[in-house]
Amino acid sequence: MRDDEPLIWHEATNSYIVSRYEDVERVFKDKKGEFSTENYDWQIEPVHGRTILQLSGREHAVRRALVAPAFRGSDLRDKFLPVIERNSRELIDRFRTTGSVDLVTDYASRFPVNVIADMLGLDKSDYDRFHGWYTAVIAFLGNLSGDQEVIRAGERTRVEFAEYMLPIIRERREAPGDDLLSVLCTAEVDGVRMSDEDIKAFCSLLLAAGGETTDKAIAAIFANLLRHPDQLAAVRADRELISRAFAETLRYTPPVHMIMRQSTTEVTLSGGTIPAGSTVTCLIGAANRDGNRYRDPDSFDIFREDLAATNAFSAAADHLAFALGRHFCVGALLAKAEVEIGVGQLLDAMPDIRLADGFDPAEHGVFTRGPQSLPVRFTPISG
Ligand code: HEM
């Protein structure tokens, strides 16, 4: 498709599909204001309410300025790095002496959701409920077959989540603490503050935007490294290489495989025309393996020279997994910190990690994609 039909009309998704790096990059950067995120009104609004992803223009810029500082700089370094370290360690402690674990079920699917709950300052006894909502939300967002039971569970989650969060938000307004929820309650930009409903919707978005993505990234980095033992050995020997392995994993196996936009005007892309008011599907997975952008795009190579690894100040490696432009992932640095700390701790706990006998990791999912299961074996460290 990318080589022969870079712009196609796709009946089943009722959208135009673009798959070349330069086209996806152009849609995301949207320098001429040709695309909106109105598609999220039907994609995510029923389960999350109105979030930052649906907003545009000044409204979006102000909302972004309200939430972004919590995910970088001193807030990230001083408040939330210890949260990440603690939550990763707690999960690893449950299996460090066992010699076997499923890295998806027992670690990756729990870790980022626990981190978000802990950052928000929620009660530990509520983590399992939080995890249940997370599972219902991601099932709703990935429900391409329109399963009615999944839709109803998603809608129920929106109600239950609001019933749970709104009283806590009101409490934090009265007595703010040091947590993310208090930061969101007190943040103010140009005289604008977030309403209780805005904060609740943002927290709900974090379940999917910050949970499922990082969950899949951690599973994918291990699946990729376990399939390439020489690169796993290099990362084990030099932990600075985790950030290269993360960037290459996001290029090679991005957790978010496709993102939609709505054309606000007639647009010409790759020689074809998209009428105004159309849904446009951007295939991140295909664009990240475009041979016109990356040499030998189908091989996993953490040392590749045509990909900038993320650094401490910017998570903007030049793949498209975090998107680009106005909606570029707010949590990219947090995700990078979670992956670097989590992968480092896992490598320390499992010096000879290997896939369970005969297991070959398979990827699942269309909108979001990653290994569903990753059973590994290791020799426990004594003492
Ligand atoms: C936006 C991917 C981790 C919060 C996005 C977008 C992508 C993305 C592709 C753009 C969506 C669009 O343009 O339509 C990822 C990946 C992650 C990750 C691959 C992990 C590897 C996180 C984390 C958080 C987070 C840890 C926070 C806890 C958000 C938010 C937005 C966003 C709030 C909306 C930004 C806006 O609309 O301005 N992410 N994300 N993400 N992400 Fe992430």
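The following legends describe close-up views of a predicted model of a protein chain with a ligand.

**View 1. Overall fold of the protein chain.** The predicted model contains 15 helices and 12 strands. Its C-alpha trace extends over about 65 × 55 × 40 Å along the principal axes. The radius of gyration is 21 Å, which agrees with the value near 21 Å that a compact globule of 383 residues would have. Buried residues make up 45% of the 383 residues in the chain. Of the contacts between residues at least 6 apart in sequence, 71% link residues at least 24 apart.

**View 2. The shell around the ligand.** The ligand is surrounded by 24 residues, of which Gly210, Thr213, His327, Cys329 and Gly331 are the closest. Two elements each supply two or more residues to this shell, namely helix H11 (196-227) and helix H15 (332-349). The most is given by H11, which provides seven residues. By residue class, the shell comprises 17 nonpolar residues, six polar residues and one charged residue.

**View 3. The largest nonpolar core.** This core has 106 residues, and the members that touch the most others are Val18, Val24, Ile221, Cys282 and Ile284. Helix H11 contributes 17 residues, the largest share of the core. The helix that gives the most residues to the ligand shell is therefore also the one with the largest share of this core, as a residue is assigned to an element by its DSSP run.

**View 4. Surroundings of Ile221.** Ile221 is one of the core residues that touch the most other members. When neighbours within four places in sequence are set aside, the contacts of Ile221 are Ala245, Phe246, Thr249, Val339 and Val343.

**View 5. The open five-stranded sheet.** Five strands form an open sheet with mixed pairing, arranged in the order E1-E2-E8-E5-E3. Strand E1 (7-10) and strand E3 (35-36) lie at the edges, and each of them pairs on one side only.

**View 6. Pairing at the E3 edge.** Edge strand E3 is joined to strand E5 (residues 258-263) in the antiparallel sense, over two bridges. Within this pairing, Ser36 is placed opposite Gln262 of E5.

Notes. Residues are numbered from 1 along each chain as its sequence is written. This is a predicted model: local features need pLDDT of at least 70, side-chain atom pairs count only at pLDDT 80 or more; totals for chains, interfaces and linings use all residues. Helices (H or I, at least four residues) and strands (E, at least two) are DSSP runs, numbered from the N terminus. The radius of gyration is taken over C-alpha atoms; the globule rule is 2.2 Å times the number of residues to the power 0.38. A residue is buried if 20 or more other C-beta atoms lie within 10 Å of its own, exposed if 12 or fewer, and partly exposed in between; C-beta atoms are placed from the backbone. Two residues are in contact if their C-beta atoms, placed from the backbone, lie within 7 Å. A residue is near a molecule or strand if its C-beta atom, placed from the backbone, lies within 6 Å of it. Ala, Val, Leu, Ile, Met, Phe, Trp, Tyr, Cys and Pro count as nonpolar, Asp, Glu, Lys and Arg as charged, and the others, Gly among them, as polar. A nonpolar core is a set of buried Ala, Val, Leu, Ile, Met, Phe, Trp, Tyr and Cys residues joined through C-beta atoms within 7 Å. Two strands pair if DSSP finds at least two bridges between them.
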